[in-house]
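Biologist: Please take me through the structure shown below, one question at a time.

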Amino acid sequence: MVLVISEPIKSQSKTVCVIGAGPSGLVSARELKKEGHKVVVMEQNDDVGGQWLYQPNVEEEDPLGKTKALKVHSSIYSSLRLISPREVMGFSDFPFTVKEGRDSRRFPGHEELWLYLKDFCEVFGLREMIRFNVRVEFVGMVDDDKDVDDNMKRWMVKSVAKKTGEVIEEVFDAVVVASGHYSYPRLPSIKGMDSWKRKQLHSHIYRVPDPFRDEVVVVVGCSMSGQDISIELVEVAKEVHLSAKSLDVPPGLSKVISKHHNFHLHLEIESLEEDGRVIFVDGSCIVADTILYCTGYWYKFPFLESKGRVEVDDNRVGPLFEHTFSPFLSPSLSFVGIPRKLIGFPFFESQAKWIAKLLSGKTSLPSFDEMMESISEFYLAREAAGIPKRNTHDICDFNYSDKYADYIGFPLLEEWRKELCMSALLNSIENLDTYRDSWDDDDLLQETLQNPYFTQFTSP
């Protein structure tokens with residue numbers, strides 16, 4: 001379908017609340033600030049970073065994340081390293097370059113990315129806009145009158161200061177939700193799971209391997225985190241049993257398994273028995289000490305009251321036009337960082353620029369009907385491709401980032417970003433345990449580092 005963008009309204013400044021000071025929230029704050037909006041960023045932790053602010057102390061968190069309110073936001077474990085090379089990660093004008101005295105590896109540990117975000121925050125003067133240790137409790141429309149123009153809708157935001165308990169209620173012209181989606185554990189439904197008496201936890205609270213020393217551990221889920229954690233556990237555990245949907249796993253994982261006598265691959269779990277047995281769908285069984293679920297996360301926005309206009313259905317957040325705008329509530333409510341499986345930071349930046357320009361009146365969205373039709377077509381295309389609803393926001397397509405960028409004239413993804421990203425991905429499939437330290441695209445890398453992106457932009 002062809003989307004018609006209506007005439008923009010007169011440029012104006014808005015008061016905007018950004019929820020979250022992770023990558024998507026920080027770049028949203030910057031773009032909103034550049035457009036002249038008055039921005040308040042609310043962050044529940046004591047520093048910037050979102051997921052990348054490592055939280056080692058998880059003792060107070062429910063092991064399966066079944067409590068209504070989580071005490072721990074980050075799901076980062078101690079040894080985690082990036083799965084993409086640092087060259088592709090940076091924002092469009094702030095390369096993720098090597099800093100003296102810091103982690104210089106091409107695939108650095110999580111702390112290096114957190115420091116990059118702190119640098120970004122300082123260079124662009126964002127910290128003054130952030131309220132730390134503030135948890136957003138409620139976001140809802142002040143005036144839900146349907147006759148009110150979309151550009152006039154306002155939002156009540158109720159927040160709580162975590163240290164003092166002080167409650168603050170404020171009204172904003174717009175709210176940008178940038179609260180992340182790697183915190184609320186998503187668990188499988190397994191017969192006997194509730195009555196299994198031994199240790200069960202979700203990877204949300206996994207930090208280091210030592211507590212599992214000499215144990216028989218079942219890792220459920222063959223995602224990147226499931227593979228990474230299994231490889232780490234196999235060095236200390238008595239046995240590691242990785243449960244996957246299929247035994248047809250990438251060659252890199254097969255190579256790792258073949259190197260360890262105590263690393264075993266299984267199909268899915270049929271049932272858990274009270275005596276500690278774990279029975280797999282092929283009838284095989286083992287007695288385990290611990291089950292570790294690496295089974296992903298739910299999108300959740302417990303603070304948002306949208307009167308049903310934005311809902312999460314089987315992990316599909318919607319309806320959202322281009323994963324960003326509710327046709328019912330745009331442009332005053334928007335979401336940054338919902339899509340997965342793309343080059344995240346430049347995409348979040350393009351989202352932020354679009355939102356900022358919409359709120360200042362420099363551009364406009366298609367009509368309600370056009371947005372709803374576009375969403376419907378997208379859902380039908382995903383269904384026709386056999387993609388489950390729960391994977392609605394898994395993009396896996398560079399072309400989508402370019403299509404999105406075209407809405408606001410944001411630069412298209414550079415070819416070198418695409419090539420380096422694909423090179424790393426292919427290397428990880430073949431060489432799971434070594435791809436972060438050994439690669440064969442050095443010629444492309446050296447050519448890339450001569451690009452003006454790396455030579456004209458400097459950061460402290």
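Biologist: Which residues line the second largest cavity?
Modeller: In this predicted model, local features need pLDDT of at least 70, side-chain atom pairs count only at pLDDT 80 or more, and totals for chains, interfaces and linings use all residues. On a 1 Å grid over the protein atoms alone, a cavity is a set of points where a 1.4 Å probe fits but cannot get out, and lining residues have an atom within 4 Å of a point. The second largest cavity holds about 30 Å³ of space. Its lining consists of P85, R106, F107, A424, N427, Y435, W439 and D441.

Biologist: How many charged residues does the lining of the second largest cavity have?
Modeller: Residues are numbered from 1 along each chain as its sequence is written, and side-chain values use heavy atoms, with hydrogens and water left out. Asp, Glu, Lys and Arg count as charged; Ala, Val, Leu, Ile, Met, Phe, Trp, Tyr, Cys and Pro as nonpolar; and the others, Gly among them, as polar. By class, the lining has five nonpolar residues and one polar residue, and its charged residues number two.

Biologist: What volume does the largest cavity have?
Modeller: A search of the whole structure finds two cavities of 30 Å³ or more. The largest is lined by residues including V177, H181, Y299, F301, F335 and I338, and its lining has seven nonpolar, four polar and no charged residues. A volume is the space filled by probe spheres set on the grid points, which are joined across faces, edges and corners. For the largest cavity this comes to about 50 Å³.

Biologist: How far apart are the closest N and O atoms of the salt bridge that R102 forms with E112?
Modeller: A salt bridge is a side-chain nitrogen of Lys or Arg within 4 Å of a carboxyl oxygen of Asp or Glu, and by this rule the count comes to 34. Here R102, in the loop between α2 (86–89) and α3 (110–123), is linked to E112 in helix α3, ten residues apart. R102 is partly exposed at 26% relative accessible area, whereas E112 is buried at 2% (buried is under 20%, exposed over 50% and partly exposed in between, with a 1.4 Å probe and protein chains only). The closest N and O atoms of R102 and E112 are separated by 3.4 Å.

Biologist: How many residues apart in sequence are the parts that K403 and E322 tie together?
Modeller: K403 forms a salt bridge with E322, with 3.2 Å between the closest N and O atoms. K403 lies in helix α8 (residues 398–406) and E322 in the loop between β20 (316–318) and β21 (333–335), so the bridge joins parts whose separation in sequence is 81 residues.

Biologist: In β16, which residue is the bridge partner of V218?
Modeller: Two strands pair if DSSP finds at least two bridges between them. Five bridges join β10 to the parallel strand β11 (residues 239–243), where V220 stands opposite S243. With β16 (residues 290–293), β10 pairs in the parallel sense over four bridges. In β16, the partner of V218 is I291.

Biologist: Which strands stand at the edges of the open sheet, each with a single partner strand?
Modeller: Four strands form this open sheet in the order β6-β5-β4-β18, with mixed pairing. Strand β4 (residues 134–141) pairs with β18 in the parallel sense over two bridges, and G140 stands opposite E305 in β18. One side of each edge strand is left without a neighbour in the sheet, because each has a single partner; these strands are β6 (167–172) and β18 (304–305).

Terms used:
1 Å grid on protein atoms, 1.4 Å probe; cavity = no way out; pocket = protein on both sides within 12 Å on 5 of 7 lines; lining within 4 Å.
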